[in-house]
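Dear colleague,

Please find below the structure that I am handing over to you. My findings follow directly after it.

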Amino acid sequence: MNKQNSLLGFLLIGLGAYFFLRHLNIPELSPFYSWPSLILVIGGSFLLHSYIAKDYTNLFTGALLFGFGLHFLAVQHFLFWIDHWASYLLIIGIAFLLHYQKTKHNLIPALILLGLGLFALFTPTTPMWLLWVQQIFDLIESFWPLVIIGFGIYLLKKK
């Protein structure tokens, strides 16, 4: 398998399957024809590429996209799913942890984000010193397209 073309191949297969199922218009799947499903498919493609091609450069990106896609999809469809800003910290922490598992880099940010996310999720009331984090995530939720644009610009500038 050619490592360069495998990511594009996985992306095309995933997106093609998504749009083909959408074209079939299966009533049971109609709630899943949404942008979180597309993010989930794209993230899954990055994860598949990373693990199958043993090229772990896209592992963090794949875990991040897959986690956010899964979270946004689950919030829409499952009543038991927790919609709390700390879940974003957990998703980012898990992405760092998966990246650490294969590259042995970024363990400290993973543990800090996981610890802070679990603490914020399981405390009955948010402590005063943690309210600024909630305000930042409220701002990000309001302007998330700009965050995505900024992250894209960062990736283009990164060497």
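In this predicted model, H4 crosses H5 in a left-handed sense. Helix H5 spans residues 107-122, and its axis lies 8 Å from that of H4, at an angle of about 155 degrees. Since angles over 145 degrees count as roughly antiparallel, H4 and H5 are therefore roughly antiparallel to each other. On the H4 side the contact is formed by Ala86, Leu89, Leu90, Ile92, Gly93, Ile94, Phe96, Leu97 and Tyr100. These meet Leu107, Pro109, Ala110, Leu113, Leu114, Leu116, Gly117, Leu118, Ala120 and Leu121 of H5. By class, the contact of H4 with H5 comprises 17 nonpolar and two polar residues, with no charged ones.

H4 also packs against H3, at an angle of about 150 degrees and with the axes 8 Å apart. That angle makes H3 roughly antiparallel to H4. Here the crossing is right-handed. From H3, the contact draws on Leu59, Phe60, Ala63, Leu64, Gly67, Phe68, His71 and Phe72. H4 contributes Ser87, Tyr88, Ile91, Ile92, Ala95, Phe96, Leu98, His99 and Lys102. The contact of H3 with H4 contains twelve nonpolar residues, four polar residues and one charged residue.

The next pair is H2 with H3. Helix H2 covers residues 35-52 and helix H3 residues 59-77; their axes are 7 Å apart, and the packing angle is about 150 degrees. H2 and H3 are therefore roughly antiparallel to each other, and H2 passes H3 in a left-handed crossing. Among the H2 residues in this contact are Trp35, Pro36, Ile39, Phe46 and Tyr51. Those of H3 include Leu59, Ala63, Phe66, Leu70 and Gln76. Sorted by class, the contact of H2 with H3 has 15 nonpolar and seven polar residues, and no charged ones.

As for the chain as a whole, there are seven helices and zero strands, which gives the pattern α-α-α-α-α-α-α along the sequence. Taken along the principal axes, the C-alpha atoms fill a box of roughly 50 × 40 × 25 Å.

The largest pocket has a volume of about 770 Å³. It is lined by 19 residues, of which Leu65, Phe68, Trp144, Val147 and Ile148 are the closest to its centre. The elements that give two or more residues to this lining are H2, H3, helix H4 (86-103), helix H6 (131-142) and helix H7 (144-157). In the lining of the largest pocket, 16 residues are nonpolar, two are polar and one is charged.

The second largest pocket has a volume of about 290 Å³. Its lining consists of Thr57, Asn58, Phe60, Thr61, Phe96, His99, Asn106, Phe151, Tyr154, Leu155 and Lys158. H3, H4 and H7 each supply at least two of the lining residues of the second largest pocket; the largest share, three residues, comes from H7. The division by class in the lining of the second largest pocket is five nonpolar, five polar and one charged.

Yours sincerely

Note on methods:
Residues are numbered from 1 along each chain as its sequence is written. This is a predicted model: local features need pLDDT of at least 70, side-chain atom pairs count only at pLDDT 80 or more; totals for chains, interfaces and linings use all residues. Side-chain values use heavy atoms; hydrogens and water are left out. Axes are lines fitted to C-alpha atoms, for helices over the stretch in contact, and angles run from 0 to 180 degrees between N-to-C directions. Helices (H or I, at least four residues) and strands (E, at least two) are DSSP runs, numbered from the N terminus. Angles under 35 degrees count as roughly parallel, over 145 as roughly antiparallel, 65 to 115 as roughly perpendicular and the rest as oblique. A crossing is left-handed if the near helix is turned anticlockwise from the far one by less than a right angle, and right-handed if clockwise. Contact means heavy atoms within 4.5 Å. Ala, Val, Leu, Ile, Met, Phe, Trp, Tyr, Cys and Pro count as nonpolar, Asp, Glu, Lys and Arg as charged, and the others, Gly among them, as polar. On a 1 Å grid over the protein atoms alone, a cavity is a set of points where a 1.4 Å probe fits but cannot get out, and a pocket is an open set with protein on both sides within 12 Å along at least five of seven lines; lining residues have an atom within 4 Å of a point. Grid points are joined across faces, edges and corners, and a volume is the space filled by probe spheres set on the points.
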